[in-house]
Amino acid sequence: MPEKEVLVKAEHVKVYFKGKTRKSGTVKAVDDVSFDIMKGETFGVVGESGCGKSTLGRTLVRLQKPTEGNIYLDGKNISDMKGAELKQMRKEAQIIFQDPSACLNPRRTVRQILMEPFEIHNLKGQVDVEARIQELMSLVGLDTYHLSRYPHELSGGQKQRIGIARALALEPKIIICDEAVSALDVSVQAQVLNLLQELKEKLGLTYFFISHNLNVVYQVSDRVGVMYLGRMVEIADYDQLYEKRYHPYTEALLSAIPQVDQDAQSERIRLQGEVPSPSNPPSGCHFHTRCPKACDKCRAEVPELREIEPGHFVACHLYG
Ligand code: SF4
């Protein structure tokens with residue numbers, strides 16, 4: 001089998017925010033994260049609310065600058081890009097947000113919304129924009145009569161399709177889907193997930209798919225990364241993770257997913273306590289305050305993300 005090519009390489013990425021007051025300290029939203037995204041794959045990221053997955057997604061498209069570390073997109077370091085170089089890079093990495101209503105300008109028609117990327121990048125003279133807009137509507141399964149409509153005249157699913165069409169407009173190399181189906185009804189959610197899958201196959205897209213819902217991440221991902229309090233604690237192929245997860249946090253997340261086969265259903269592991277604040281994370285392994293398997297070493301030392309089987313990475317002292 002041919003070697004897969006790396007599209008995105010994140011190396012020791014940290015994103016820290018200063019708290020509003022001196023007492024609130026520094027929020028470590030992303031805390032030393034390294035991983036690769038391969039060309040043509042869907043890399044799913046799952047974790048509880050506040051674990052840093054959305055900040056990481058925004059950093060990969062440079063809507064957020066990393067505090068430390070490097071991010072390479074197709075071999076180019078995008079971490080410090082600015083000006084024209086950054087603008088050019090943004091054509092190659094797009095993002096789809098959770099709430100399509102919040103990101104579609106209510107005063108613009110669908111046609112005007114889809115024209116925006118070509119206006120921003122001064123492409124109107126170089127591209128047959130009208131033809132491209134018609135093509136985008138067809139790609140996302142919408143009739144062109146919607147082009148004269150305003151966002152409030154569309155359903156939630158149609159709005160998200162417009163969000164996807166806009167993200168596709170400039171033929172990006174990667175699309176960050178940030179809770180892209182979380183605000184939709186379950187049936188519409190399934191249609192949008194199918195559409196994303198079809199587009200990936202048809203256009204050879206790469207996705208970084210963020211969700212708090214492991215079930216949704218499982219449906220679409222080739223590989224899955226599990227985040228806890230700013231750190232990546234387990235990364236593996238979908239199949240590997242389904243068969244065997246090592247990190248106690250992943251185990252707890254998976255035990256909450258209902259299985260069709262009742263015999264395969266593991267007993268639900270209920271985690272104790274709240275997720276600690278990212279402005280004051282626990283020492284050592286951030287998960288030690290809730291981990292049923294924690295020991296003294298866990299409180300003192302940060303576990304490194306290690307490859308314990310080919311392609312299966314875990315950050316836990318039990319596998320050090
Ligand atoms: Fe639990 Fe320790 Fe492993 Fe952290 S390092 S997940 S606290 S066993």
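**Pockets and aromatic pairs in a predicted model**

Biologist: Which residues lie nearest the centre of the largest pocket?

Modeller: The pocket holds about 580 Å³ of space. Its lining counts 26 residues. Nearest the centre are Asp32, Ser34, Met232, Glu304 and Leu305.

Biologist: What is the volume of the second largest pocket?

Modeller: This pocket is lined by 21 residues. Arg90, Gln94, Ile95, Ile120 and Arg166 are the closest to its centre. Its lining divides into 13 nonpolar, four polar and four charged residues. The volume is about 480 Å³.

Biologist: Which domains each give at least three residues to the lining of the second largest pocket?

Modeller: Take the elements, then the domains. Helix 2 (83-92), strand 6 (93-96), helix 3 (100-103), helix 4 (110-120) and helix 6 (156-168) each supply at least two lining residues. At domain level, the contributors of at least three residues each are domain 1 (6-92 + 172-319) and domain 2 (102-171).

Biologist: What is the angle between the planes of Phe35 and Phe208?

Modeller: The whole structure has 10 aromatic pairs. Phe35 and Phe208 make one of them, with 5.8 Å from centre to centre. The pair counts as stacked, a class that needs planes under 30 degrees apart. The angle here is 20°.

Biologist: How far apart in sequence are the parts that the pair of Phe35 and Phe208 ties together?

Modeller: Phe35 belongs to strand 2, whereas Phe208 belongs to strand 8 (residues 206-211), so the pair links separate stretches of sequence. The parts are 173 residues apart.

Biologist: Which residue lies over the face of Tyr246?

Modeller: A charge sits over a ring if it is within 6 Å of the ring centre and within 35 degrees of the ring normal. Here the distance from the ring centre is 5.1 Å. The residue over Tyr246 is Lys244.

Key
Residues are numbered from 1 along each chain as its sequence is written. This is a predicted model: local features need pLDDT of at least 70, side-chain atom pairs count only at pLDDT 80 or more; totals for chains, interfaces and linings use all residues. Side-chain values use heavy atoms; hydrogens and water are left out. On a 1 Å grid over the protein atoms alone, a cavity is a set of points where a 1.4 Å probe fits but cannot get out, and a pocket is an open set with protein on both sides within 12 Å along at least five of seven lines; lining residues have an atom within 4 Å of a point. Grid points are joined across faces, edges and corners, and a volume is the space filled by probe spheres set on the points. Helices (H or I, at least four residues) and strands (E, at least two) are DSSP runs, numbered from the N terminus. Ala, Val, Leu, Ile, Met, Phe, Trp, Tyr, Cys and Pro count as nonpolar, Asp, Glu, Lys and Arg as charged, and the others, Gly among them, as polar. Domain bounds come from an automatic or database domain assignment. Rings of Phe, Tyr and Trp (its six-membered ring) pair if their centres lie within 6.5 Å; planes under 30 degrees apart count as stacked, over 60 as edge-to-face and the rest as tilted.
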